[in-house]
Amino acid sequence: MHTGELSEGEAFRLIREHAYSHEELPDTTWRRLIELQILVPTEPGSGLYLLAEPVGRLLTYLFDEASPTTPEIVRGYIASLETLGQQLLSAVETDNVTFVGLAFAEINNSLRRIHADLGETQRAVQNEVAAFKTNREQISVRDRYRRIVYWMERFVGPMVEIVRPDGPMAAVFEETERLLRIAREQSLFNDHPALERNLRYLRLVRQHALRVFQECRRELQPLYESLRRSSFIAAGAALALERLLHEGISKWGNTLVIGLSSLRVQSVPSDAAITLILNRVITHPPEPAPIMTLDESPERPAALDRRLWLDSLPTDLANVIPVEDLLFWLSQHYPGRTTAEILTGFSRLFFDEQFVATFSEAGEQDYLMADGALRGHSLRLEFA
Amino acid sequence: MNAPQHVREIFEKLARGSHLSPEDEPFFSALSANFADYSEYFSPLGFELIRHEREFFYFAPENPDKVPDTLPRIAVFAYVLIDHAANQGELIEEFLLGRNFLISTLPHFSLERYTTLLRQVDVHDTADLKRILDHLERIGWLKWLGPDEFRFLRPFHRVFDKCLELSSRPSGDEPADISAPLP
């Protein structure tokens, strides 16, 4: 139901949308709505209209819609009862029977309003719970959670504080009851049915209020808890996805994944493989162990001789350095060495860190070896 | 010490990362009835047997330096599903554990944002989703009901636990204490 302001255009749109027959023109319907004061202008000459308050109340009743009473309204009733109590006491003290009667009537009105408003609040909570459960509006779980937190924090929680047996409402009710009894005993006011009615309402509202809000809390609490849990779950998932979106998978690490046990069994030999190896060992034919010669040989091995010659080369060369043609020097000083040995010696000296080599200006040279000849450019060697 | 019943099969499953829930009889009943015996048996081997409050069992995961590729894939798959359920206004646990799903109706490629997220973990199409679901079946989080239809099992609560853990870290957006009293 639309309860806010309505323009003429919007009203016509609604009339056309909800027309039951085409017998009545929208203009006629509009005119009747204005004439019967079902729609009233927000102010004289305004183009905006409101649904008339009595009609709104009737529709609310017919559609079983309810508005919750705020804790401030209930506190207002309590404050009103406190004031009435003071006025009642004053009237009793001055024997003002008229004032006592008026105070009795007003106390009764206040108690009835509290009773009615509490009932409407309970219906409003029940309607809201039903709407939450069906989620007709398809709102996200976090919004549903926020809305139910609003209901709990705005209405149910504070109201329970007001109506609890040791709360402010019970204290004012007790005082009101005491004053009503004083009025009966001490004043000339003798409308006993009015007094009984008020005492009855005081008991009724006190019991009703506590029961209503305990029930409201019971209605909301399971839904509140499940929505709160869902909201937290959704928030966690959203957080993880957001981090993935902005930071990439490399930043996820261990914190955002759900860890699983994983026993590593890679590269472990199977039973069959172990059996095969053991079989090979067991069935391997016996053979004598290799014999090592432990006697010292009378002749020096050729490899050792070659190693010692290469190691001695830097020392030999250091005595004659600088050398204008390294390859020529080697072939002349070691005529018995093969070409391969001479070239190995050449490399050994060329890469020795204490020497530095440079090509000389002379052209190509021929070098005679014990087992061949080489042609190349001469290389000068000196200390680094 | 006598080995508890079915200990070999139970160990083989748990050590591979599998979770044992009521779908895994007779191992689940054996673990439920003799949890202390199994826990004591596995403990000296370096395996901590966990009994989840929702009544399923698994080995506590080690904290490897390198996270296997499958874990981020599972996580992103699950988080997307939760995000989708939350956007529909559904109660997450009821939505995921209370109904059957069809691969063809999963929401993972319904939004460009989801597709982008999945691409980061090399999930590009329905075949990749199927591979994740097969993996979830191997670890006891899911049961296939047909070639295309499946439902999640109780151990999927591990995902909810992780989400609650993440959201309880103070971020300024939501209250940090989930166990706070009701207003």
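**Reading cores, helix contacts and salt bridges**

User: Which residues touch the most other members of the largest nonpolar core?

Analyst: This is a predicted model. Its largest nonpolar core has 105 residues. Leu88(A), Tyr79(B), Ile92(B), Leu96(B), Leu136(B) and Phe152(B) touch the most other members. Helix 8 (residues 192-247) of chain A gives the largest share of this core, 21 residues.

User: What does Phe152(B) touch?

Analyst: Leave out residues up to four places away in sequence. Then Phe152(B) touches Phe77(B), Leu81(B), Leu96(B), Leu97(B), Phe101(B), Leu136(B), Trp141(B) and Leu142(B).

User: How do I read two helices in contact? Take helix 4 and helix 8 of chain B.

Analyst: Start with the axes. Those of helix 4 (residues 70-87) and helix 8 (residues 157-167) of chain B come within 11 Å and cross at roughly 75°. Angles of 65 to 115 degrees count as roughly perpendicular, so these two helices of chain B are roughly perpendicular. Next, look at the residues. Ala78(B), Tyr79(B) and Ile82(B) in helix 4 meet Val159(B), Phe160(B), Lys162(B), Cys163(B) and Leu166(B) in helix 8. Seven are nonpolar, none polar and one charged.

User: Which parts of chain B does the Arg151(B) and Glu23(B) pair tie together?

Analyst: The two side chains meet in a salt bridge, 2.9 Å from N to O. Arg151(B) lies in strand 5 (residues 149-152) of chain B, and Glu23(B) in the loop between helix 1 (7-15) and helix 2 (27-33), so the pair ties together parts 128 residues apart in sequence.

User: Are Arg151(B) and Glu23(B) buried or partly exposed?

Analyst: Arg151(B) is partly exposed, at 26% relative accessible area. Glu23(B) is also partly exposed, at 36%.

How values were computed
Residues numbered from 1 in each chain as written. Chains lettered and ligands numbered in written order. Predicted model: local features only at pLDDT ≥ 70, side-chain atom pairs only at ≥ 80, totals over all residues. Heavy atoms only, no water. Axes fitted to C-alpha atoms, helices over the stretch in contact; angles between N-to-C directions. Helix = DSSP H or I, 4+ residues; strand = E, 2+ residues; numbered from the N terminus. Parallel < 35°, antiparallel > 145°, perpendicular 65-115°, else oblique. Contact = heavy atoms within 4.5 Å. Nonpolar A, V, L, I, M, F, W, Y, C, P; charged D, E, K, R; others polar. Core = buried A, V, L, I, M, F, W, Y, C linked by side-chain atoms within 4.5 Å. Buried < 20%, exposed > 50% of the residue type's maximum accessible area, 1.4 Å probe, protein only. Salt bridge = Lys/Arg side-chain N within 4 Å of Asp/Glu carboxyl O.
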